[in-house]
Each structure stands twice: as C-alpha cells, then as structure tokens.
Amino acid sequence: MNTLVIGGNGFIGSHLVDRLLSEGHVVHVFDRQSELYRKPLEGVIYHIQDFGNRSILSEALNNIDIVFHLISTTVPKTSNYDPIFDVMSNVVETIFLFEQCVERKIKKTVFVSSGGAVYGTPTAVPVSEDSPLNPESSYGISKLTIEKYLELFHRLYGLEYVIVRPSNPYGERQNYEGNQGVIAVFMGKIAKNQAIDIWGDGSSIKDYVYITDLIDGIYKAAFSNTKHRVFNIGSGAGHSINDVLKLLTQIIEKKILVNYKPQEAFDVSKIYLDITRARRELGWEPQISLDAGLSRTWEFINLQLLENKVYIS
Ligand SMILES: NC(=O)c1ccc[n+]([C@@H]2O[C@H](COP(=O)([O-])OP(=O)(O)OC[C@H]3O[C@@H](n4cnc5c(N)ncnc54)[C@H](O)[C@@H]3O)[C@@H](O)[C@H]2O)c1
C-alpha cells in the first residue's frame with residue numbers, strides 16, 4: 001500500500017516508518033525536519049514542510065491509500081502556554097487534512113491521539129476506551145476534538161478511520177533533550193551526570209509502553225478490519241516514577257541525583273490503560289517488559305552520546 005506518515009521523522013513516526021518498510025509498503029513522510037538520530041532512509045519519499053503548508057500537504061496525499069497522522073505541534077505542558085496556537089496549528093490544520101482525505105478517497109486515516117491526556121484524571125484504573133473523557137490540558141482537549149472530527153467526517157462523508165490512544169511510549173530515538181518522555185529525559189541527564197527533576201514526590205503512576213509494542217498496536221489497528229475504531233495501546237500496568245527510578249538504579253549502576261519539584265497542573269497523577277480491546281480485536285500483546293525496554297533505551301542513549309550522532313537540518 002502507499003502510506004503517508006505525517007510526523008514520520010519523530011520518535012514514534014520513525015519506528016512506524018521502519019515497520020511499514022519492513023512489511024513492504026511504499027512510505028512517504030511529511031515532517032518539517034529530518035530525523036534527529038538517523039540520516040534520511042533509502043526508499044522513503046520525504047516531504048519536508050510545515051504542517052500548515054496546505055498546498056504541499058495536499059500534494060503529499062497524491063495516490064496515498066493510508067494516512068497516519070502523528071504531528072502534534074505541542075505537548076501537554078506547552079499547549080497550555082498558548083491554547084490559540086494549539087488549536088490553530090493542531091485542530092484547524094488537521095480538519096484541513098481530513099477534508100483532503102475525503103476528497104482524495106483515502107482508504108483509512110489513522111490518528112495517534114493520547115491515552116495519557118484524553119481521559120483526564122480517571123475515576124478508576126485501568127482506564128478503558130469507554131471511560132469518561134475529561135482532558136485537563138489544551139493538548140488533551142485538542143486531541144479529543146480531533147477524535148470528534150473524525151467521527152463527524154465518518155458520519156458526514158464516510159471517512160474510514162481508526163484512533164490509537166497510546167499511554168507513555170519510550171525507547172530508542174525518543175529525544176532525550178526534549179520535553180516529553182520522562183524515561184528518555186531522565187536517561188539523557190543521568191548519562192551526562194546531571195540531576196533529574198521529579199515533579200511531585202515520585203508516586204505519580206503512568207503506563208510505560210515500549211516503542212515496538214506501540215508500533216505493533218498502531219500497525220495492527222491500521223490494517224485490521226475491526227468493529228471498534230478507538231484503541232488504547234499501553235502496557236496495561238501502572239508504574240510510579242519511584243519504581244522507574246529503582247529500575248534505573250539497577251540498570252545504570254551509578255548514583256542518580258534527584259531534584260524534587262512541586263507537582264505540575266497539567267499532569268494526571270495516576271493512570272494506566274485497559275488494553276483488553278486491542279488484545280481481543282487486534283490479537284495484539286505487549287512483548288517487552290519495562291526493565292528490558294529500559295536497558296535497550298539506556299544502551300541507545302549511551303551510544304548516541306558516545307558517538308555524538310545527531311542529524312538535524
Ligand atoms: N511521546 C509520547 O509520550 C506520546 C504519548 C501519546 C501520544 N503521543 C502522540 O504521538 C504523536 C507522535 O509523538 P512523538 O513522541 O513521536 O513526537 P515527536 O516530537 O518525536 O515527533 C513529532 C514529529 O512531528 C513533527 N512536527 C511537529 N510540528 C510540526 C509541524 N508544524 N509541521 C511539520 N512537522 C511537525 C516534528 O518535526 C516531529 O518529527 C504526537 O501526535 C503525540 O501527541 C506521544
């Protein structure tokens with residue numbers, strides 16, 4: 001199939017591109033920058049532009065069968081700084097994308113939403129896809145709004161879609177100098193002998209899913225004919241920051257310096273996902289344990305720092 005991965009040079013996108021290539025698909029990538037940790041890949045057709053460039057975006061959709069939408073111009077924390085920017089750059093431009101998908105009769109549109117943000121603070125865990133949706137950041141509100149537009153475009157125009165709600169992915173090629181992904185950020189700092197910041201007392205519980213498990217879920221959701229259109233993809237288990245810290249201490253074998261800071265308002269303090277639907281309907285199952293995934297990620301970050309390999313244009 002001809003596939004377009006919008007945001008394909010980011011952390012999750014780059015792994016999705018690998019999977020699509022390995023399954024024999026034609027892969028186009030739309031992104032405003034190249035991958036951070038790899039040179040452009042042979043066989044991938046790149047469209048390097050901003051998501052707001054509508055004419056290049058619609059050109060990139062020529063002859064595409066499946067669109068994967070992974071761009072987010074914000075993360076939960078930054079989205080609250082400027083909600084107008086968040087809505088304009090994410091929601092409005094995504095509606096333009098969906099209009100184009102309808103016009104071009106795209107066979108399926110896959111949207112990567114957020115299992116950590118659309119539910120808000122859950123009343124009970126694990127959180128299933130049918131749990132109340134009460135996002136607590138502009139990022140979460142935008143993700144949910146985009147989900148609602150997919151529903152609307154399906155009803156109005158028959159747009160075929162599937163939504164994946166990932167928990168907290170981690171693994172190789174997550175930006176360890178970025179502002180999303182606590183594991184990568186912690187490891188980047190530890191590798192450089194810097195103190196890590198923990199917001200709150202470390203008891204906050206999240207669902208950490210290893211990147212290849214998430215990609216397998218996205219891939220299966222995209223290529224299966226399923227009754228449902230929304231899938232949580234996570235590990236299905238909750239781990240506190242203190243649990244992660246304990247595992248890191250065992251894996252890294254060096255003293256970890258910690259600064260405890262006040263809990264931040266955009267952060268949900270206890271959430272992990274119910275992954276029964278993906279297990280049942282997609283035949284999907286997470287394969288990589290947290291300690292195995294942490295070891296792989298640590299190895300990657302050390303190699304990067306050692307070789308000082310960063311490719312950014
Ligand atoms: N990483 C997480 O913890 C997490 C969790 C749940 C959901 N998600 C969602 O998954 C998707 C991918 O996340 P990721 O971790 O790979 O992020 P990422 O930042 O690594 O990748 C996003 C990519 O989008 C591109 N991009 C951003 N704004 C753009 C713009 N205006 N024009 C063109 N390209 C633009 C970036 O260049 C980057 O390559 C996002 O939608 C994110 O909200 C991420």
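Student: Which polar side-chain atom lies 2.6 Å from an oxygen atom of the ligand?

Tutor: A polar contact is a pair of N or O atoms within 3.5 Å. Here the side chain of Tyr-139 places a polar atom 2.6 Å from a ligand oxygen. This is a predicted model, in which local features need pLDDT of at least 70 and side-chain atom pairs count only at pLDDT 80 or more, while totals for chains, interfaces and linings use all residues. Residues are numbered from 1 along each chain as its sequence is written, and side-chain values use heavy atoms, with hydrogens and water left out.

Student: What distance separates a polar side-chain atom of Lys-143 from an oxygen atom of the ligand?

Tutor: That distance is 2.8 Å. A polar backbone atom of Phe-11 also lies 2.8 Å from a ligand oxygen. The protein buries 88% of the 820 Å² that the ligand exposes when taken alone (Shrake-Rupley method, 1.4 Å probe; for residues, only the protein chains shown count as cover).

Student: Is Val-87 buried, partly exposed or exposed?

Tutor: Buried means under 20% relative accessible area, exposed over 50%, and partly exposed in between (1.4 Å probe, protein chains only). Val-87 counts as partly exposed because its relative accessibility is 35%. Val-87 is found in helix 4 (residues 83-103).

Key. Polar contact = N/O pair within 3.5 Å; in protein donor to acceptor, adjacent residues only side chain to side chain. Helix = DSSP H or I, 4+ residues; strand = E, 2+ residues; numbered from the N terminus.
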